[in-house]
Amino acid sequence: MLPAVVKLCCGISYPHLRSMAGLQRAAVAVIGKEISHLQRWGRIQHFIGTHAGFNHSEPKHEDIKPAREDQLFYVQQGREAMRKALGILEDKDGWKVDITESNGDVICSKVMPGNRRVFRLEAVLEGSVEELYDILFVRVEEMHLWNPSLQHIKVLKQVGPETMVTHEVSAETAGNLIGQRDFLSVRHSCRQQSRVYLGGAAIQLESFPPQAGFVRAEDGPTCIIIQALDDNTGRIRFTWLLNMDVKGWLPKSIVNQALPRAQLDFTRHLRRRLAASATLG
């Protein structure tokens, strides 16, 4: 779901580990009436307000009425991915700071059951919520134009304005050890006033099996939260939970170094994209 996220692991090589470009997979949240019965919802909102600088406010439910049962399935998968992603963020135990950049970007991580490590990036960007939503979700097929770690991304199914199924292929990197990866994902978005949620997770389609020559990696549940700051400076807080299984044989120690660097690289490319837009007016 949202925004396309970190596929730079797909081009990992030992000598180029520190220079890998990040790919964003983003991710979305529909937090509406369908999940208002969840007992943990209040605590999830408290987490968002405490850790992401957001004011407590339940996102408005958007009535999506798919015409077919399979469309409803994709919407439900996107919503469930966000629910699980927010559950990960809500659990305050186990997080540790991995990287603190001079520009204020911070990445924390924690180990989940199954020994998978997830990463949370917090950054402040120059731009608007609407602009980020347009770049990361509405115009997701253009992401390869500014994100060098992505070869292409294609929307396979569009289920209303808030849900889609996408196929992504990472860019080929000279000297990589594991080859290119591809990703099949459901993405979902929820917009509410000064806040946008993007979430998603890997999905399987019989009509679109793994492609020859690629290892199909999986990410999710994952999410991105975009929130306008209250200082009227035209800046936004960008919170990104990255949860990815790159598959293949690459050692976890290498992956766990590459993924947070990928987040920083992706954010750097995103800043350049926003700056270019500002220059063009």
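Trainee: Of the 281 residues of the protein chain, what share counts as buried?

Mentor: The share that counts as buried is 53% of the 281 residues, where buried means under 20% relative accessible area, exposed means over 50%, and partly exposed lies in between, with a 1.4 Å probe and protein chains only. This is a predicted model, in which local features need pLDDT of at least 70 and side-chain atom pairs count only at pLDDT 80 or more, while totals for chains, interfaces and linings use all residues. Residues are numbered from 1 along each chain as its sequence is written, and side-chain values use heavy atoms, with hydrogens and water left out.

Trainee: What makes up the largest nonpolar core, and which members touch the most others?

Mentor: A nonpolar core is a set of buried Ala, Val, Leu, Ile, Met, Phe, Trp, Tyr and Cys residues joined through side-chain atoms within 4.5 Å. The largest has 39 residues, of which Leu136, Ile226, Phe238 and Leu270 touch the most other members. Helix H4 (252–280) is among the elements that each supply at least two residues, and H4 gives the most, with seven.

Trainee: Which residues lie nearest the centre of the largest pocket?

Mentor: They are Arg116, Met244, Asp245, Lys252 and Val255, out of 14 lining residues. A pocket is an open set of points, on a 1 Å grid over the protein atoms alone, where a 1.4 Å probe fits, with protein on both sides within 12 Å along at least five of seven lines, and lining residues have an atom within 4 Å of a point. The largest share of this lining, four residues, comes from H4.

Trainee: How confident is the predictor in the protein chain?

Mentor: The average pLDDT, which is the predictor's confidence in each residue from 0 to 100, is 77 for the protein chain, and 73% of the residues score at least 70. Over residues 1–67, however, pLDDT stays under 50.

Technical notes
Contact means heavy atoms within 4.5 Å.
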